[in-house]
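Welcome! Please take a moment to look over the sequence and the 3D view before reading on.

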Amino acid sequence: MHQWNMNNTAKANVMSTMIGAAVVEARGMEEVAIDIAAPTKRADQMIFGGFLEHFDNQIYGGVFDPGSPLADEQGFRLDVIEALKELKIPVIRWPGGCFVDAYHWRKGVGPEREPYGDPRWGVIEPNTFGTHEFIELCRRLGAEPYICFNGLASPQENLDWVAYCNATAGEMAELRASHGHPEPYNVKFWSVGNERYDKAYIHRVRDTAKRVKELYPDVLMLCSGSQGGAGTQMPGVHTYLMEQAGEYLDYVSVHNYWLDRADQLPQVDYLTAIMKSEMPDAYMGVVAQSLSEHGADRIKIAFDEWNLRAWQHPGFPRNRVEDYDEPTIRELVERRRTQNDVASQYTMADALFSASFLNACLRHADHVAMATIAPLVNTRGPLFVHPKGIVKRPHVHTMAMYANELHERVAEVTVKADKLTHGNASVDVVDAIATVDDTGRRVAIALVNRHPSESVACALSMGGVPLDGTFRATRLTADSPDAYNDIDTPDRVAPKKVEQTFSKGTTSLPPHSLTIVDVTKP
Ligand code: AHR
């Protein structure tokens, strides 16, 4: 879909600009063509989901903070809930991640909750946020709960967890009722473990998913399907998984973070980060193709951990911790993890990378049916929560714009863009997606200019007709590609309502910007 196309005029206009130490090739006219006659694909709103793990301050001190003046009597941070509502979060995956393999759900329900040592992340888990609190959070946000099983627990323990949530009668339903919740929770999404791929795991997936589906035919089953590596490794789904368990699966879970942990310190510059922008699309294509090759197009992709930046947690996860108070453990946990919290790391690169990730989901809408940003809150997530309030990192605005301004169906778009080059890497300078509503009358076009310092001229046509006129639009950009929001400067990067003018099809996109244009047909 993205093609190299530099015509002679554009070639003549090529110039080089110094951006810091990077040489950037500038371009001629970019072209975005929307084919309004071609069939559209339904966009699954589940791509706007989030992941929450019991890691650092995502749960405790994030969404849940009993005793905080900003929390209600149940411990939920009301400012966080309000901010998340703007994102229309459709699904939340919980409780891990690595954490889940040391999690036993029964310890986290009912009135007798004991704190316990969590070896995966080296902390004492207070255990006050469990299944009920998770469901309550989802209900308040209008999100579907998606629970990931402990990949090392017995199959029975996990089947009991499903029964505890979904059974209408029997021992687990009675246990739930005794905890004050007689009505079943009807949790629809369940995953067999996190990031496991070996044969023993595949057998467990087969046996567990088969049994869950026999007992609860409406449940949708997921399991680990593919895990990328800093963008360069993009494995398809394993044949053995498909052979053994494919018939019981509804989704395969795919994970990747495109800036590796090792890449990130000192802080990654805008261009290095933005060069990762096309990798999600390539990875989705690989997984989708491998599903097709296995005759498994029915099985959808849930990109249920994604983010530009990998989380910092040196020395962890572990399987065992002897002494949680040991100074090196404390140092790793308390000091090193705060690297994730440094506000200046979250810039327009995060905002535009996230736009490109969501564009890729939409382009692959026939395969990608869920995505959950990892995490939703704190660590590398779009919403930073601190004891006195919140900070909306730039990528929160991308998510809000996409969830609120795009329409239900994805139109066929061809982008012919020149290349933005940095070192050995290059990406199209412009990325674009177009969505239409069910009537076909309203069109929303998301346009990304990745260039750090220059506006681009973009020719846009719909059905071969150049777009002409002035349209309402929302724009996310900032005074610098490296701009970020912080406690004292919360709105340096914030979307603005603008008017976008197209003159005989041509418009101008400011540097490092995302613009969503509302084109309503007369
Ligand atoms: O860095 C966070 C971890 O990344 C998650 O717990 C795990 O699922 C993934 O590998």
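This report walks through the model, the ligand site, a hairpin and some backbone details.

## About the model

This is a predicted model, in which local features need pLDDT of at least 70 and side-chain atom pairs count only at pLDDT 80 or more, while totals for chains, interfaces and linings use all residues. Residues are numbered from 1 along each chain as its sequence is written, and side-chain values use heavy atoms, with hydrogens and water left out.

## The ligand and its surroundings

Let's begin with the ligand. Among the residues surrounding the ligand are Glu-53, Trp-121, Glu-195, Arg-261, Trp-311 and His-313 (a residue is near a molecule if one of its heavy atoms lies within 4 Å of it). An oxygen atom of the ligand is 2.6 Å from an N or O atom in the side chain of Glu-195. For the side chain of His-313, the distance from a ligand oxygen to an N or O atom is 2.6 Å, and for the side chain of Arg-261 it is 3.4 Å. The protein covers 95% of the 290 Å² of accessible area that the ligand has on its own (areas come from the Shrake-Rupley method with a 1.4 Å probe).

Strands (E) are DSSP runs of at least two residues and helices (H or I) of at least four, numbered from the N terminus. Strands E16 (residues 383-386) and E17 (residues 389-392) pair in the antiparallel sense over 4 bridges; pairing takes at least two DSSP bridges. The two strands form a hairpin with 2 residues between them, and Val-385 stands opposite Ile-390 in E17.

Are the faces of E16 covered or open? Both are covered: Leu-383 and Val-385 on one side, and Phe-384 and His-386 on the other, are all buried (under 20% relative accessible area; exposed is over 50% and partly exposed in between, with a 1.4 Å probe and protein chains only).

Most residues other than glycine have a negative phi, and most peptide bonds are trans. The bond from Trp-94 to Pro-95 is cis, with omega near 0°, and Pro-95 sits in the loop between E7 and E8. The bond from Ala-374 to Pro-375 is also cis, with omega near -5°.

Asn-127 has a positive phi, near 65°, and lies in the loop between E9 and H3. Why does Asn-127 count as buried? Because its relative accessibility is 0%.

How values were computed:
Polar contact = N/O pair within 3.5 Å; in protein donor to acceptor, adjacent residues only side chain to side chain.
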